[in-house]
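Hi,

Here is the structure I promised to pass on.

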Amino acid sequence: MRKPKVLDLFSGIGGFALAFEAAGFETVAFAEIEPYPCKILAQHWPTVPNLGDVKGINGEDYRGAVDVICGGFPCQDISLAGKGAGIHGERSGLWFEMLRIIRGSRPAFCLLENVPALKTRGGDRVLGDLEAAGYTGRAFVVGAVHAGANHRRQRAWIMAYATGGGIRCGRQGSETIPLYRREAVAYTESQPIGSGLCANEPAGIGRGRFSDSGSADHVPDSGCPGLEIRQGVEGQRTHPAITGSDWWTTEPALGRVAHGVPNRAHRIKALGNSIVPAVAYPFACWIKAQLEAQA
């Protein structure tokens, strides 16, 4: 069976690629323009082309060639640390370029990432745009802490699948793909934010909700049968396929007051902009299970 293909936009240093390749995908191309991350991609994926600026990508060139498009479009205009321009800002507005590529290439699945402020600064627009393009979306807020890291690093995630594209998001067998959280943090659904998929509504109907941190005794359905949000233990090694033995011990020691570390500032910036592969990995596994069920 062929490996499913993924087109990785706003690639950074390859966090999505690590997660999807650990789940059995093949990355067909990156799209990154920052010089230092481009060097990292070229070093670790020398045979994977970097398409550069997303504005120059024709989505139709990848129609039928990719199963998934993933990416964390820029957050500067959405983040609470920014000026609040929102989804229409100069940088975060690159979402519309990503949407254009999705419309042209028509992948079976999309996985998007941004800061949690997306909930109130454009999340409804993103889910609505996906629905208008023929996708059913489900939104989450999941952090590195839920994969056993010792820092929170909460992020908004939107997983979407092509409505009517032959993907039936039902449970396949008895196995589920877990998302972990530590005991002190739980999930609950927050306010509705626009078009998408609620846990108890038919695909393509209703309003999307973010699953977010909440009461300690409630862990809701993820809204995607077979993708389970369940309790874990802080520091637990949840996904050995990504890192082998003890992956959190391999986090780079880049102290903010360290002196003499090569490319220290570039490395800190790149890590800050990157996703945590262990968080994206369960989503990638779930997507792969759905693709295999339809093969």
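Below are some notes on a strand, a loop residue, the cores and a pocket.

First, the ground rules. This is a predicted model, so local features need pLDDT of at least 70 and side-chain atom pairs count only at pLDDT 80 or more, while totals for chains, interfaces and linings use all residues. Residues are numbered from 1 along each chain as its sequence is written, and side-chain values use heavy atoms, with hydrogens and water left out.

Let me start with strand E6, residues 154-162. Helices (H or I, at least four residues) and strands (E, at least two) are DSSP runs numbered from the N terminus. Nine of the nine residues of E6 are buried, where buried means under 20% relative accessible area, exposed over 50% and partly exposed in between (1.4 Å probe, protein chains only). One side carries Gln154, Ala156, Ile158, Ala160 and Ala162, the other Arg155, Trp157, Met159 and Tyr161, and both faces are covered. Two strands count as paired if DSSP finds at least two bridges between them. E6 pairs antiparallel with E4 (residues 109-114) over six bridges, with Ile158 as the partner of Leu112. Nine bridges join E6 to E5 (residues 135-143), also antiparallel, and there Trp157 stands opposite Phe140.

Next, Ser92 sits in the loop between strand E3 (68-71) and helix H3 (95-105). Ser92 is buried, with a relative accessible area of 0%. Residues that Ser92 touches, beyond four places away in sequence, include Phe73, Cys75, Asp77 and Ile87; contact means heavy atoms within 4.5 Å.

Now the cores. A nonpolar core is a set of buried Ala, Val, Leu, Ile, Met, Phe, Trp, Tyr and Cys residues joined through side-chain atoms within 4.5 Å. The largest has 34 residues, and Leu112 and Leu130 are among those touching the most other members. H3 gives this core its largest share, five residues. Leaving aside neighbours within four places in sequence, Leu130 is in contact with Trp95, Ile102, Leu112, Tyr135, Ile158 and Ala160. Apart from that core lies another, of 31 residues, including Val68 and Val279.

Which residues lie nearest the centre of the second largest pocket? They are Glu32, Glu34, Pro74, Gln76 and Asn273, out of 37 lining residues. H6 (264-273) gives the most to this lining, with five residues. On a 1 Å grid over the protein atoms alone, a pocket is an open set of points where a 1.4 Å probe fits, with protein on both sides within 12 Å along at least five of seven lines, and lining residues have an atom within 4 Å of a point.

Best wishes
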